[in-house]
Amino acid sequence: MSQIRPLAAGTPAAPELLQPGTTWRLLARLDLFSRPRGSGLATQATAGRCLQVLPEAASVEGSPSRLRVRVRLVEDGYPGWIAPESLLGMAIAATPPPPRLLDRPAIAERLAAVLAFAMGALRTPNTYLWGGSLGPDYDCSGLVQAAYASAGIWLPRDAYLQERFCQPVAARPGVTQLLEPGDLIFFGTPQRCTHVGLHLGGGRYLHSSGREHGRNGIGIDDLSPRNTDPVAVHYRRELRGAGRVMRCHDGSPLPA
């Protein structure tokens, strides 16, 4: 793509203006795709968030004249693909916002709001949605990120990134004394974290999980070895550990 002069803040988005390095503030929610082709959802962004255009572009399968461009959400550094026309009337040029940085005491003061958001999501009819981060339908890490973002605390988008971002806290089935409300509990294989829940207290955690494990949406389970619920049993077997949010993510891209 050719170079253009810097855009004035507030300039409405147009496909020809989506040059690499430009930043756009969303006026409405937006779905980001995981690949240049196909309908797979990567994540969702609400109005007010900013995205930056990256150099990559690709034609849409079956329509060489239509393109998707690769973008990165500024607040969490998360990439995805969008159709340029999806920003028409939906975004304006902006300067990248400075990261909101909070220390642990400031984060601790906001955890009640984080937990209240998550409980509100539980009470709203929902189903599991891969890539869902706006609600009412969420994936596991999208729900955790949205709950924290509702209190002005940005976390990385994916569960394995959230695990790396947090300060480790020891936890295993039946041994949860070190956990605090608002901690994150991580599940998966020995090689990689694939699922995350939000600790409510006493080993109970709220999470969004799919129907293949016995539920399709948000629910509450616990780490007690005496809990024989099939969903709780499945995730207890995959428990990797837990983590505490000590800081806000500054939006820098994290290693895959």
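Select Thr-22 and Trp-24 first: their side chains make a polar contact at 2.9 Å, a polar contact being a pair of N or O atoms within 3.5 Å, where within protein one must be able to donate a hydrogen and the other to accept it, and where residues adjacent in sequence count only if both atoms are side-chain atoms. The model on your screen is predicted, so local features need pLDDT of at least 70 and side-chain atom pairs count only at pLDDT 80 or more, while totals for chains, interfaces and linings use all residues. Residues are numbered from 1 along each chain as its sequence is written, and side-chain values use heavy atoms, with hydrogens and water left out.

Thr-22 sits in the segment before β1 (23-26); helices (H or I, at least four residues) and strands (E, at least two) are DSSP runs, numbered from the N terminus. Thr-22 counts as buried because its relative accessibility is 14%, where buried means under 20% relative accessible area, exposed over 50% and partly exposed in between, with a 1.4 Å probe and protein chains only.

A nonpolar core is a set of buried Ala, Val, Leu, Ile, Met, Phe, Trp, Tyr and Cys residues joined through side-chain atoms within 4.5 Å. This core has 33 residues, of which Val-114, Tyr-148, Ile-153, Leu-155, Leu-184 and Val-245 touch the most other members. The element that gives the most to this core is α1, with seven residues. Apart from this core lies another, of 18 residues, among them Ala-14, Trp-24, Leu-51 and Ile-82.

Now centre the view on Tyr-148, whose contacts, leaving aside neighbours within four places in sequence, include Ile-107, Leu-111, Gly-182 and Leu-198; contact means heavy atoms within 4.5 Å.

From there, colour the whole of α2, which is largely enclosed by the rest of the structure because nine of its 10 residues are buried. The buried residues of α2 pack against α1, α3, β9, β10, β11 (204-209) and β12 (217-222). At the start of α2, look for Asp-139, where a side-chain oxygen reaches to within 3.5 Å of the backbone nitrogen of Ser-141.

Go back to α1 and pick Arg-110, which lies in this helix. Is Arg-110 buried or partly exposed? Arg-110 counts as partly exposed, because its relative accessibility is 29%. Although Arg-110 and Gly-152 are 42 residues apart in sequence, they are 8.4 Å apart in space, C-alpha to C-alpha.

Move on to α4 (230-237), which is largely enclosed by the rest of the structure because six of its eight residues are buried. Those buried residues are Val-231, Ala-232, Val-233, His-234, Tyr-235 and Arg-236, and they pack against β9, β10, β11, β12 and β13 (239-244). At the start of α4, a side-chain oxygen of Asp-229 reaches to within 2.9 Å of the backbone nitrogen of Val-231.

Finally, select Tyr-78, Trp-130, Asp-158, Ala-159 and Tyr-160, which lie nearest the centre of the largest pocket among its 38 lining residues. On a 1 Å grid over the protein atoms alone, a pocket is an open set of points where a 1.4 Å probe fits, with protein on both sides within 12 Å along at least five of seven lines, and lining residues have an atom within 4 Å of a point. About 800 Å³ of space lies in this pocket.

Terms used: Points joined across faces, edges and corners; volume = space filled by probe spheres on them.
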